[in-house]
Amino acid sequence: MVGADGAWSRIRPALSDATPGYTGVTLVETGLDDCDTRHPALARMVGNGTVLATAAGKALLVQRNSNGHFRVYATFRAPLDWQLAADVDLGDAAAVRAHLLKMFDGWDNNLLDLLRHHDGEFVNRPLFVLPVPHTWEHRPGITLLGDAAHLMPPVGLGANLAMLDGSDLAQALLTESTLDDAVRAYEDLMLPRSARSAADCAGVLDDLIPPTDG
């Protein structure tokens, strides 16, 4: 059995008692549609890739997707239930927008337009990670890959590692003499690699959104 079922894996408890913990960082996601036509200034700013702006422990990230859609993330450190202290109903897009614009007050107007001109709702996405390192004692017949094995901040490595995990496991299954030998070989390669990568990603997150004192 291969647990490839993500952050809240139902397979993981068969190997590990670890559960994801909140990083203290939240992303609030929204998006803009048909930006090349409707928001040409923003389209020029973003170009064909991604723009990341950070200051004072906050960040705005915008990523171009297909068909001129921009995915936007407002990122900040806050308690898991930050909306309660802020008295913001996450289902009230106008209230969330007003709160975010106040939070990012003073930022460049082009960046704030990413929040002002959003289409649809805002989605709260608190970031959870597994402990670093996350390891387990080998158990015949079962293993983990991807976020189920090494949930880490989404700063560019997680999905790539999941694909590499799958490739390495497949290679081990082809080259090792028994199924159990293959799983052991895969885990011996994957576990230390994922520990290094998770530590690196945690460092990148702290650099982007520095922890607050206290």
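In helix α5 (residues 109-116), the buried residues include L111, L112, D113, L114 and L115; buried denotes under 20% relative accessible area, computed with a 1.4 Å probe on protein chains only. Helices are DSSP runs of H or I with at least four residues, numbered from the N terminus. The model is predicted, with local features requiring pLDDT of at least 70 and side-chain atom pairs pLDDT 80 or more, whereas totals for chains, interfaces and linings use all residues. Residues are numbered from 1 along each chain as its sequence is written, and side-chain values use heavy atoms, without hydrogens or water.

At the start of α5, the backbone nitrogen of N110 lies within 2.8 Å of a side-chain oxygen of D108.

D168 is located in helix α7 (residues 158-175) and counts as buried because its relative accessibility is 16%. Leaving aside residues up to four places away in sequence, D168 touches Y186, L189 and R193, a contact being heavy atoms within 4.5 Å.

The whole structure contains one cavity of 30 Å³ or more, a cavity being a set of points on a 1 Å grid over the protein atoms alone where a 1.4 Å probe fits but cannot get out. The largest cavity holds about 50 Å³ of space, the volume being that filled by probe spheres set on the points. Its lining, defined by an atom within 4 Å of a point, includes H134, L151 and S194. Helices α6 (147-150) and α8 (179-208) each give two or more residues to this lining, and α8 gives the most, with three.

Definitions and conventions:
Buried means under 20% relative accessible area, exposed over 50%, partly exposed in between (1.4 Å probe, protein chains only). On a 1 Å grid over the protein atoms alone, a cavity is a set of points where a 1.4 Å probe fits but cannot get out, and a pocket is an open set with protein on both sides within 12 Å along at least five of seven lines; lining residues have an atom within 4 Å of a point. A polar contact is a pair of N or O atoms within 3.5 Å; within protein, one must be able to donate a hydrogen and the other to accept it, and residues adjacent in sequence count only if both atoms are side-chain atoms.
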